[in-house]
Structures are given as C-alpha cells and as structure tokens.
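Work through the exercises below with the sequence and the structure side by side. Try each task yourself before you read its solution.

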Amino acid sequence: MFLEELEQEEKTAFLELAVMIASSDGNVSIFETTVLNKYQKELELEDYKPTGMAVGEILKTFKSERSKNIVLTELFQLIYADGVFQDEEGEFVRLIKEHFGFEEDEFNSFKDWIEKIRELSLTKEK
C-alpha cells in the first residue's frame with residue numbers, strides 16, 4: 001500500500017523483516033506467502049533473496065517517522081494475513097514498537113486500524 005515510499009535501502013530491510021516475521025513461528029502460511037509476494041512486487045524486488053540480516057541492523061535502517069509508520073502498518077497486515085497472531089510475531093512487534101519509540105496509544109491505533117481494514121476485506125470477499 002505505502003511501500004513504494006520507502007528508500008531503496010529501507011525496501012530491502014523491510015523485506016528482510018517481513019520474511020523474518022512470517023517465518024518466526026516455523027511455518028510460513030500460504031496467506032503469508034501471498035502477502036510476501038505482493039510486497040516483493042510492490043517494491044519491485046521480485047528476485048530478492050533474504051540475506052539474514054540481524055533484526056537490530058534492520059530496524060536501524062528506518063529513520064523517518066513516515067518510514068516507521070509504513071513498516072508497522074504493512075507488518076500488521078502480514079501478521080494478520082493468516083488470521084492468527086502468534087506469540088513469536090507478538091515478540092517481533094513488541095521489539096519494533098520499542099525500537100521505533102511508539103507510544104502505547106499510537107501503537108494500539110495502528111493495530112486497531114489494520115484490524116478494521118482486515119474485517120472490511122473479509123466482508124468484501126464473502
């Protein structure tokens with residue numbers, strides 16, 4: 001949705017982070033794979049292969065508030081893609097929230113917004 005606004009270095013870092021989160025529970029679902037493929041297409045990085053960057057290094061890449069907001073928004077969409085918010089995914093989200101310095105109410109607003117978008121898309125599919 002907003003990924004094209006990221007700088008080139010941020011785009012590859014975002015993909016690294018997205019793959020890391022999707023596989024954090026040991027299983028990348030078909031729904032998560034679909035979202036990851038959509039991300040690669042949107043970022044024009046269809047052939048990109050994750051390098052296994054450390055999460056701390058990845059998070060340092062995002063400096064602007066806009067970039068941080070985009071990352072959190074898009075990652076919530078990935079996390080909710082399979083309809084299950086795994087504990088491992090929650091741990092990543094907590095780490096991102098702390099690293100980016102999101103206040104609790106701001107963080108919850110993002111989460112609520114993504115949940116509402118997801119509900120709308122599910123209703124549309126029926």
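**Exercise 1. A helix and its length**

What should the 15 residues of helix α1 (residues 8-22) span at 1.5 Å a residue, and how far apart are its end C-alpha atoms?

Solution. Keep in mind throughout that this is a predicted model. The expected span is 1.5 Å times one less than the number of residues, so the 15 residues of α1 should span 21 Å. The end C-alpha atoms of α1 are 21 Å apart, which agrees with that expectation. As a next step, look at which residues of α1 are buried: they are Glu 10, Lys 11, Ala 13, Phe 14, Leu 15, Glu 16, Leu 17, Ala 18, Ile 21 and Ala 22. These buried residues pack against α2, α3 (55-60), α4 and α5.

**Exercise 2. A third pair**

At what angle do α1 and α5 pack, and how far apart are their axes?

Solution. The angle between α1 and α5 is about 145°, and their axes are 9 Å apart. The residues that make the contact are Leu 17, Met 20 and Ile 21 of α1, together with Glu 89, Phe 92 and Ile 96 of α5. Counting by class gives five nonpolar residues, one charged residue and no polar residue.

**Exercise 3. The nonpolar core**

How many residues does the largest nonpolar core have, and which residues have the most contacts inside it?

Solution. The largest nonpolar core has 34 residues, and those with the most contacts inside it are Phe 14, Tyr 39, Leu 75 and Leu 78. The elements that give two or more residues to this core are α1, α2, α3, α4, α5 and α6 (104-125). In soluble globular proteins, nonpolar side chains tend to be buried together. Now follow one of the residues named above: leaving out residues up to four places away in sequence, Tyr 39 touches Leu 3, Phe 14, Leu 15, Ala 18, Glu 74, Leu 75, Gln 77 and Leu 78.

**Exercise 4. Buried or exposed?**

Decide whether Leu 36, Gln 40, Glu 44 and Thr 61 are buried or exposed.

Solution. The cut-offs needed are under 20% relative accessible area for buried and over 50% for exposed.

- Leu 36 lies in helix α2, and it counts as buried because its relative accessibility is 12%. With residues up to four places away left out, Leu 36 touches Ala 18, Val 19, Ala 22, Val 28 and Leu 78.
- Gln 40 also lies in helix α2 (residues 30-42), and its relative accessible area of 15% makes it buried. Beyond its neighbours within four places in sequence, Gln 40 is in contact with Leu 15, Leu 45, Glu 46 and Tyr 48.
- Glu 44 lies in the loop between α2 and α3, and at 66% relative accessibility it counts as exposed. Glu 44 has a positive phi of about 60°, although it is not a glycine.
- Thr 61 is found in the loop between α3 and α4, and at 9% relative accessibility it counts as buried. Apart from its neighbours within four places in sequence, Thr 61 is in contact with Glu 9, Glu 10 and Ala 13.

Notes:
Residues numbered from 1 in each chain as written. Predicted model: local features only at pLDDT ≥ 70, side-chain atom pairs only at ≥ 80, totals over all residues. Heavy atoms only, no water. Helix = DSSP H or I, 4+ residues; strand = E, 2+ residues; numbered from the N terminus. Buried < 20%, exposed > 50% of the residue type's maximum accessible area, 1.4 Å probe, protein only. Contact = heavy atoms within 4.5 Å. Core = buried A, V, L, I, M, F, W, Y, C linked by side-chain atoms within 4.5 Å. Axes fitted to C-alpha atoms, helices over the stretch in contact; angles between N-to-C directions. Nonpolar A, V, L, I, M, F, W, Y, C, P; charged D, E, K, R; others polar.
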